[in-house]
Amino acid sequence: MGKSRRTVPEELLLLALDPTTGTTAQPQTLDLGLAGAQLVELSLAGRIVPEGDRIAVVLARPTGDPTLDHALELLRRRGSPVRAAHWIGGPRLGLRQTYLAHLERCGMVTAVPGQVCGVLPTTRYQASDDCTNAAIKQRLDTAIRTGVPPDPRTAALAALAHSVGLGKHLYPGNEGRSSRSRLRDLIRYDPLGGMVAHAVMDVQNGLPAQQNRSDQGSSATGTSRSAGSSGARAAGRGTGGRVAASRVGVR
């Protein structure tokens with residue numbers, strides 16, 4: 001994958017970068033969005049495909065992008081399709097810092113060391129090319145203003161920006177309310193981007209964890225019922241149906 005085109009994770013992080021503070025908006029959810037953006041980019045590169053709500057690797061060949069290739073290798077090691085929400089909700093902490101360091105190496109941002117209260121060291125990041133950031137934002141603005149269906153990359157970027165809460169950062173205040181609404185509506189123009197964006201929002205709402213607990217509970221219930229049924233049959237054979245029914249009642 002050449003660097004003539006920025007990847008979806010790179011563009012999402014650049015959109016989140018606040019030029020005034022040198023930090024990123026929505027840092028708590030941005031890691032999830034970046035994990036989802038990796039899935040979108042790998043799909044656009046022909047490495048993975050959606051299978052329902054799951055993601056399957058169809059081509060394990062490296063893309064040439066180290067951050068994407070690491071994600072691709074982790075997906076390959078799973079050995080079977082994985083639910084997008086489970087993947088995004090996995091141990092993805094630190095992706096924001098990983099991508100900030102990646103963008104610095106690529107020359108897209110500049111790290112500016114500083115101090116908080118004159119004591120605590122901190123690092124702020126400034127985009128190296130404001131025109132690049134403006135061009136990314138302009139693609140979203142055009143799709144919102146004209147209503148013309150955007151290309152899949154832009155639609156996925158809009159969906160991810162909405163899913164991590166960047167709408168108020170990009171289109172603040174009451175005057176940006178309609179733009180935020182239209183940003184959300186762009187989610188329908190890219191099926192994979194929409195699926196991933198919904199998975200990001202599900203993870204934020206705790207749904208994958210709840211679903212996992214529900215699945216485990218259903219499995220345990222099924223095991224318990226099976227064991228109870230087997231125990232009843234065994235008791236019935238050994239001591240008669242009346243005793244078996246009594247034992248099931250105790251359970």
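The model is predicted, and its protein chain contains 12 helices and five strands. Of the 251 residues in the protein chain, 39% count as buried, while the chain as a whole exposes about 13200 Å², of which carbon and sulfur atoms supply 53%. When contacts in the protein chain between residues at least 6 apart in sequence are considered, 65% of them join residues at least 24 apart.

**A pair of helices**

Helix H2, which covers residues 27-44, and helix H5, which covers residues 95-105, have axes that come within 8 Å and cross at roughly 70°. Because angles of 65 to 115 degrees count as roughly perpendicular, H2 is described as roughly perpendicular to H5. On the H2 side, the residues that meet H5 are Pro27, Leu30, Asp31, Leu34, Ala35 and Gln38, and on the H5 side they are Leu95, Arg96 and Tyr99. Sorted by class, this contact of H2 with H5 has six nonpolar residues, one polar residue and two charged residues.

**A sheet of three strands**

Three strands form an open sheet in the order E1-E2-E3, and their pairing is antiparallel. Strands E1 and E3 stand at the edges with a single partner strand each, so one side of each has no neighbour in the sheet. The pairing of E2 with E3 is antiparallel and runs over two bridges, and Arg54 stands opposite Arg83 in E3. Helix H3 lies across E1, E2 and E3, and runs at about 100° to E2.

The residue ranges of the elements in this part of the model are listed below.

| Element | Residues |
|---|---|
| Strand E1 | 48-51 |
| Strand E2 | 54-57 |
| Helix H3 | 66-78 |
| Strand E3 | 82-83 |

Is Asn133, a residue of helix H6, buried or exposed? Asn133 has a relative accessible area of 18%, and because buried means under 20% relative accessible area, Asn133 is counted as buried. Helix H6, in which Asn133 has its place, covers residues 130-146. If neighbours within four places in sequence are left aside, Asn133 is in contact with Leu14 and Ala127. The C-alpha atom of Asn133 is separated by 9.7 Å from that of Met108, and these two residues are 25 residues apart along the chain.

Note on methods
Residues numbered from 1 in each chain as written. Predicted model: local features only at pLDDT ≥ 70, side-chain atom pairs only at ≥ 80, totals over all residues. Heavy atoms only, no water. Helix = DSSP H or I, 4+ residues; strand = E, 2+ residues; numbered from the N terminus. Buried < 20%, exposed > 50% of the residue type's maximum accessible area, 1.4 Å probe, protein only. Contact = heavy atoms within 4.5 Å. Areas by Shrake-Rupley, 256 points an atom, 1.4 Å probe, with all protein chains shown as cover. Axes fitted to C-alpha atoms, helices over the stretch in contact; angles between N-to-C directions. Parallel < 35°, antiparallel > 145°, perpendicular 65-115°, else oblique. Nonpolar A, V, L, I, M, F, W, Y, C, P; charged D, E, K, R; others polar. Pairing = 2+ DSSP bridges.
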